Each structure stands twice: as structure tokens, then as C-alpha cells.
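The structure is shown first.

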Amino acid sequence: MFASSVRRSLGGLIPPKIATPGAVSSGGTSARTASVIEFYSKLPKGPKPESERPGGLRGRYFEGKNASGAPFLATILILFGLGYTIDYNMHLKHHKNGHH
């Protein structure tokens, strides 16, 4: 019972067996094989065109000709500056009532 439920859940992931020995050795192509060949022949070939790359921040900074690590560096510096500012202000509040 468990094996059949696993088989059903994985049925969409594992393609059906279309190239049977009879279909391959018969010289011609079966209807099933012909439909698969037709499907794959319509798919685009080669790399993705430049215009179809994702837009926004990902497309601008991480992919394409202008890819760089500048956003990572800017994020680290901003977080450091923000943390330092908060820590400094908390330290000043500590000194407000007298030195330690």
C-alpha cells in the first residue's frame, strides 16, 4: 500500500517509458514517440536571450553584463553603520547618569 502511494505521488516527476524496445527496433516511430519528438523540437535552443533576463534588482546587479558584489558590500556597510549608531547612542545614555 505504501509503495503504490509513493508511486502515485512521484508519477508526475518520473516520465513514462516511451522508448520501448519494440518501438525503437521497428524502424518507424510510434505515435507516442512522434508526439514527444514534436514537443522537444518546438523548444527554444541555445542560451536565454539578454532581453528575457529577470528585471529589478536581481537582473540589474546580479546577472548580465553589470553583475557585481556591490549590493552585498553596501548592505554590510549599512548594517554596520546602523548597528554602530545604535550602540553609540546606548552608550551615551549609559554615561548620562555618571561615569562607570
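Q: What percentage of the chain over residues 67-86 is helix, and how far apart are the end C-alpha atoms?
A: Over residues 67-86 the chain is 85% helix and 0% strand, with 32 Å between the end C-alpha atoms. Helices (H or I, at least four residues) and strands (E, at least two) are DSSP runs, numbered from the N terminus. The model is predicted: local features need pLDDT of at least 70 and side-chain atom pairs pLDDT 80 or more, while totals for chains, interfaces and linings use all residues. Residues are numbered from 1 along each chain as its sequence is written, and side-chain values use heavy atoms, leaving out hydrogens and water.

Q: Which annotation covers residues 67-86?
A: The unreviewed UniProt entry annotates residues 67-86 as "transmembrane region"; such annotations, given in the numbering used here with shortened feature names, may be inferred rather than shown by experiment.

Q: Why is the pair of Phe80 and Tyr84 called stacked?
A: Rings of Phe, Tyr and Trp (its six-membered ring) pair if their centres lie within 6.5 Å; planes under 30 degrees apart count as stacked, over 60 as edge-to-face and the rest as tilted. The centres of Phe80 and Tyr84 are 6.4 Å apart and their planes lie at 25 degrees, so the pair is stacked. Both residues lie in helix 5 (residues 70-95), four residues apart, about one turn of the helix.

Q: What makes Phe80 exposed?
A: Exposed means over 50% relative accessible area, buried under 20%, and partly exposed in between (1.4 Å probe, protein chains only). Phe80 has 59%, and is therefore exposed; Tyr84, at 53%, also counts as exposed.
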